[in-house]
Structure formats: C-alpha cells, structure tokens
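Reader: Could you walk me through this one? I'd like to know how the pieces pack.

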Amino acid sequence: MAARTLPSVEGQQLDALMGIALDEARAAAEHGDVPIGAVVARVDTGDVLASRHNERERAGDPTAHAEILALRDAARAVGSWRLDGCALVVTLEPCAMCAGAVVASRLDRVAFGAADPKGGALGSLYNLAVDPRLNHEATVVDGVRATECTALLTEFFAARRAP
C-alpha cells in the first residue's frame with residue numbers, strides 16, 4: 001500500500017498542532033518526565049481529538065509514552081481503534097513501540113519535530129511507517145518546529161546532568 005499524500009493538516013495548521021504538542025511536552029517536564037508531547041487530530045479539519053505528554057515516571061508505566069496515551073484517548077473519542085483520517089503530531093520522532101502503534105491504529109500521517117538518531121523508528125533507525133511488509137503505511141513529515149522541539153529536550157537533559 002502506498003503512503004497517501006494528505007492535503008490538510010499542513011503548513012500553519014501543522015505548526016499550530018505542534019504548538020499544542022510543545023505545551024504538552026512542557027507539562028511532562030514539570031513532573032519529571034522527558035518532555036515529549038503528542039496530539040492526534042483529524043486530517044480533514046485539523047480538529048484535535050487528543051493531546052497528551054509522557055507519563056512514564058508519573059505512572060510508573062514503561063508504555064506511558066505521549067503517543068500511546070494520545071492514541072488511546074483519540075480511539076476513545078472516535079469510538080474505534082481505527083484512526084484512519086487522523087494525524088499524530090509529536091515533538092520527538094516516535095520509538096519502535098510508538099511507530100508500531102501508528103501502523104496498528106491506521107493513522108494517515110505522522111509529523112514530528114526532533115529526529116531521534118538513537119531510537120527513532122520513523123526515519124532515523126527504522127521507518128516502520130513505509131515498510132511494505134506491514135499492513136499499513138503512513139505519510140511521515142519530519143522537522144516540524146524542530147529547533148524548538150530539540151531545544152526543549154536539550155534543556156531538560158542539561159538541567160538533569162547539572163551538578
């Protein structure tokens with residue numbers, strides 16, 4: 001299945017959705033979680049279905065990544081696990097677990113800010129969203145407000161390493 005090009009959720013709208021994800025990321029840092037935020041929105045309208053941030057430390061749950069939590073909330077909002085017609089906007093390139101959830105949920109598009117050369121699974125180390133061996137493919141847009149997303153992560157880890 002070829003990845004679909006989607007005319008909506010682009011440009012200024014994508015920038016605004018990343019702004020929501022950045023706000024969520026800042027909320028994660030406030031309680032000691034890595035500052036990653038995620039938003040799920042409808043592709044055709046840009047309407048936000050869910051927005052969440054990392055809660056691994058808060059919840060003591062290794063799967064409480066921003067993307068997973070946002071996908072769960074979005075699925076509840078639409079009443080189905082199938083999130084076709086939706087986009088995920090996230091501050092950091094999703095890991096293998098979250099990229100697998102992108103495929104499993106049938107998202108149409110994923111946009112992320114900062115690349116993750118150590119664990120990214122939508123282009124850096126792997127690209128699960130366009131693997132023809134899997135049952136679904138999604139369009140990936142990288143580098144959305146990348147400077148802000150990267151700075152947030154850099155500042156968080158610098159503060160944690162400071163004496």
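**Helix packing**

Reader: What covers the buried residues of α4?

Author: Happy to start there, with a predicted model in which local features need pLDDT of at least 70, side-chain atom pairs count only at pLDDT 80 or more, and totals for chains, interfaces and linings use all residues. Residues are numbered from 1 along each chain as its sequence is written, and side-chain values use heavy atoms, leaving out hydrogens and water. Helices (H or I, at least four residues) and strands (E, at least two) are DSSP runs numbered from the N terminus, and contact means heavy atoms within 4.5 Å. The cover over α4's buried residues includes α3 (66-78), β3 (86-92) and β4 (109-114).

Reader: Which residues in helix α4 are buried?

Author: Buried means under 20% relative accessible area, with a 1.4 Å probe and protein chains only. In α4 (residues 96-105), that applies to C98, A99, A101, V102, V103 and S105.

Reader: How do α1 and α5 run, roughly parallel or roughly antiparallel?

Author: Axes are lines fitted to C-alpha atoms over the stretch in contact, and angles run from 0 to 180 degrees between N-to-C directions. Helix α1 (residues 11-30) packs on α5 at about 5°, the axes lying 11 Å apart. Angles under 35 degrees count as roughly parallel, over 145 as roughly antiparallel, 65 to 115 as roughly perpendicular and the rest as oblique. Therefore α1 and α5 are roughly parallel.

Reader: Which residues in α5 does α1 meet?

Author: From α1, the partners are M18, L22, A25, R26 and A29. On the α5 side they meet E148, C149, L152 and F156.

Technical notes: Buried means under 20% relative accessible area, exposed over 50%, partly exposed in between (1.4 Å probe, protein chains only).
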